[in-house]
Amino acid sequence: MNKKNGKRMGRTVISGALILGMVLCNTTYTEAKKVSKQESVYATAGADGQISEITVADWLQDSGLANGTLKDISDLSDITNVKGDEKFSQSGDSVEWSTAGQDIYYQGKTTKELPVSVQIRYTLDGEEMAAQDMLGKSGKMEMHVTYTNQSKQTKKINGEKKTIYTPFVMATGMILSSDNFSNIEIDHGRVINDGSNNIVVGMGIPGLAESLGLEDGDAADKIPQEFTIKADVTDFSMGNTFTFGSPSLLNDLDLDDVDDLDDLEEKLNDLTDATDKLLDGSDELAENMNKYDGKMGDLKESVRKYNKDGIKKITGGIRTLAKNGSKLVTGVNEYADGVVSLAKGAKSYVAGADKIAKGNSDLYSAVSGLPAQIKTFDAGLTTYTSNVDKMGTAENATKLKAGTKAVSDGITKVNETVSELQELQAKEKQLVAGLKQQLKAAGVDTDQIEAFTMLDQVVAGEEQYIAGLKQATGAESDLKKGANTVAASVGTVMDGLNTLSKNSSTLTKASGELNKQVPVLVSSIKTLKEGDETLISNDKTLKNGADKLIRASKTMKKSAVKLNNGMKTLNKGGKSLQKTTNKLVSGVNQLESASGRLADGADTLSEGVSKFSREGIQKLNEVYEDDFKTLLDRVRAVVDAGKDYNNFSGIGKGMDGDVKFVIETESVKKED
């Protein structure tokens with residue numbers, strides 16, 4: 001059973017028990033000889049009585065005595081076992097249960113029409129209107145409750161076909177607050193006032209007067225099928241109404257041996273005795289209401305704890321949450337601003353990376369010609385060294401001067417080119433350092449980025465290679481000094497031939513080192529250039545991501561504001577919850593006070609039932625004793641009709657059955 005149905009059934013059972021105690025306390029229990037199907041039909045309806053949902057609860061009493069399986073008949077859907085683990089199979093209306101020594105309790109749904117219904121109409125100051133339209137209004141109210149009996153059969157009475165209705169006894173109960181209702185009157189029922197509330201119960205037996213042929217006259221007025229409540233109403237609102245119906249009130253009457261008027265009178269007296277049992281039941285009701293009053297004290301304490309330990313803690317937490325909402329908005333704004341800074345840093349990085357890539361491209365363009373220059377230099381050096389042996393002649397000296405000058409000029413040219421490389425490499429290093437600084441300011445740990453590690457290694461290699469090249473071709477380098485010495489000493493070349501040969505050897509060695517290092521340098525710069533191209537290819541994705549971060553930060557700020565507003569709304573809801581709980585506590589206190597007075601109301605109701613017996617049932621004997629045979633046949637037919645109606649959803653072969661109906665209408669109240 002779901003929680004919603006459970007709560008609804010709990011309310012209807014309490015109300016049904018109250019009305020049952022007031023109206024139908026003649027129920028007797030006998031030892032079960034066979035399986036008995038006890039069926040309770042719970043219906044929810046609108047304020048006008050229009051049915052919206054029907055749930056049927058069945059108890060297969062003494063079904064645990066059956067061995068193996070038990071066959072039942074039911075047209076319900078969504079059948080569930082609500083108390084045990086017994087399994088069942090369903091085929092059409094046939095339901096077969098596997099018994100295990102326990103009674104079976106199950107429930108299901110149905111959409112078919114009830115055999116008896118209730119209709120509630122409202123008028124305010126003589127104008128008929130829907131209950132919801134009366135909400136909050138004041139004036140003279142009339143509430144007309146009409147029962148309609150759809151369960152009937154045709155019987156032959158004294159040679160004539162007559163319509164006999166199933167004798168449903170209907171009672172409708174409700175609680176009307178004294179704050180809203182005053183001067184309450186009811187034509188077929190009772191009003192009990194406990195100081196804070198008015199407990200109103202009306203009743204009727206729809207179709208009984210027609211079944212007994214008493215459509216006209218005073219007797220018919222004593223067997224009503226509707227009742228009217230009149231009251232002065234202020235700020236109209238009301239709770240649920242509960243209607244209880246049963247067809248078994250007359251089942252205990254035995255009319256099989258009635259032969260004459262005396263027997264009829266005796267049986268009518270039996271019917272009167274049955275109403276006396278209603279009076280006895282009122283005493284039992286009073287006793288049970290005292291127990292109910294005791295339990296109300298427990299309920300009051302539970303509601304108090306619910307308010308103290310539950311609601312107050314919840315609403316306190318909500319207030320704290322709402323109070324700190326502005327701090328949350330501030331934190332989100334700070335975080336979003338940090339995200340924007342990070343995104344802007346990333347975009348700056350992209351711009352810096354583009355500059356580095358361009359610088360590396362320029363650097364590569366500058367050094368790409370170095371190998372050819374080194375070859376030219378090497379060719380001149382080869383010419384120089386090859387002519388060392390010929391330097392002894394004037395012709396060789398002249399050639400040597402030209403060669404040494406070409407070597408010296410070539411070294412100077414290389415050195416100038418290296419200076420340009422140093423300037424480009426210094427700019428590159430500066431760009432890398434600037435980019436790292438920007439990213440670190442944005443919170444990015446560049447030490448964890450592999451591309452930067454590789455970039456640092458390449459820059460360091462470049463710096464080492466260029467420094468070596470600068471040193472090898474500088475004015476103070478051995479290469480330059482040797483070339484200068486050769487150029488300066490060409491006039492004395494012959495005298496310093498050994499020294500010249502030594503310097504030529506040094507120059508040749510340096511040239512060999514250049515031939516080795518320059519290609520490595522060019523290759524490294526090319527690798528750096530290609531790495532930049534890969535880096536640039538990812539810059540677009542990084543820039544797009546940065547733009548998305550900036551947009552997302554704006555959305556985050558707006559969402560934080562909405563969340564803060566939601567917290568404020570939640571805080572208002574918490575205040576409303578606390579206010580409602582306070583009303584609940586007050587209502588339970590009033591209900592506890594009212595429960596102590598319900599026993600007195602039961603005595604008053606007993607007097608009303610006694611009057612019903614005196615002015616209704618006994619009147620049958622006084623008014624119609626001359627036509628007792630027809631009346632007797634009608635009474636027998638009514639009793640049989642009540643006995644025949646022993647189920648609503650179906651019943652298994654060989655089972656006894658009993659069925660009762662509870663109809664709950666929705667409340668008419670302002671929404672909190």
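A salt bridge here is a side-chain nitrogen of Lys or Arg within 4 Å of a carboxyl oxygen of Asp or Glu. The model is predicted, and a search of the whole structure finds nine such bridges.

**Stop 1: Lys670 and Asp235**

Select Lys670 and Asp235 and show their side chains. They meet in a salt bridge, with 3.6 Å from N to O. Lys670 belongs to the segment after β19 (656–665), while Asp235 sits in the loop between β17 (226–233) and β18 (241–246), so the bridge ties together parts that are 435 residues apart in sequence. Are the two partners buried or exposed? Lys670 is exposed, with a relative accessible area of 53%. Asp235 counts as partly exposed, at 32% relative accessibility.

**Stop 2: Asp75 and Lys112**

Next select Asp75 and Lys112, whose side chains form a salt bridge of 3.0 Å, N to O. This pair links distant parts of the chain, 37 residues apart: Asp75 is in the loop between β3 and β4 (77–81), and Lys112 is in the loop between β7 (104–110) and β8. Asp75 is partly exposed, with a relative accessible area of 30%. Lys112 is also partly exposed, at 29% relative accessibility.

**Stop 3: Asp633 and Arg636**

Go to helix α13, which spans residues 628–644. Asp633 and Arg636 form a salt bridge there, and their closest N and O atoms are 4.0 Å apart. What separates the two along the helix? They are three residues apart in α13, so about one helical turn lies between them. Color this pair by accessibility: Asp633 is buried, with a relative accessible area of 16%, whereas Arg636 is partly exposed, with 23%.

**Stop 4: two aspartates with positive phi**

Before selecting anything, recall the background: most residues other than glycine have a negative phi. Now select Asp62, in the loop between β2 (51–61) and β3 (69–73). Its phi is near 65 degrees, a positive value in a residue other than glycine.

Move on to Asp125, in the loop between β8 (116–124) and β9 (127–129). Asp125 is not a glycine, yet its phi is positive, at about 55 degrees. Asp125 counts as exposed, with 53% relative accessibility.

**Stop 5: Val200**

Select Val200 in strand β16, which covers residues 197–204. Val200 is buried, with a relative accessible area of 0%. Which residues surround Val200, leaving aside its neighbours within four places in sequence? The contacts are Thr172, Gly173, Met174, Leu176, Ile184, Ile186, Arg190, Val191 and Ile229. Draw a distance from Val200 to Leu176, one of these contacts. The two C-alpha atoms are 7.4 Å apart in space, and the residues are 24 apart in sequence.

**Stop 6: Asp378 and Asn515**

Select Asp378 in helix α7, residues 370–386. At 26% relative accessibility, Asp378 is partly exposed. Asp378 and Asn515 are 137 residues apart along the chain, and their C-alpha atoms are separated by 8.3 Å.

**Stop 7: a positive patch**

Switch to a surface view and select Arg319, Lys568, Lys572 and Lys575, which form a positive surface patch. Patch members must have over 30% relative accessible area. Arg319 clears that cut-off because its relative accessible area is 47%, which makes it partly exposed.

**Stop 8: the whole chain**

The chain has 13 helices and 19 strands. Of its 672 residues, 43% are buried. How much of the contact set joins residues 24 or more positions apart? Such pairs account for 78% of the contacts with a separation of 6 or more. The accessible surface of the chain is about 35100 Å², and 49% of that surface belongs to carbon and sulfur atoms.

Terms used:
Residues numbered from 1 in each chain as written. Predicted model: local features only at pLDDT ≥ 70, side-chain atom pairs only at ≥ 80, totals over all residues. Heavy atoms only, no water. Patch = residues over 30% accessible without salt bridge, like charges linked within 9 Å, V, L, I, M, F, W, Y side chains within 5 Å. Areas by Shrake-Rupley, 256 points an atom, 1.4 Å probe, with all protein chains shown as cover. Lys, Arg positive; Asp, Glu negative; His and termini not counted. Charge placed at Lys NZ, Arg CZ, Asp CG, Glu CD. Buried < 20%, exposed > 50% of the residue type's maximum accessible area, 1.4 Å probe, protein only. Helix = DSSP H or I, 4+ residues; strand = E, 2+ residues; numbered from the N terminus. Contact = heavy atoms within 4.5 Å.
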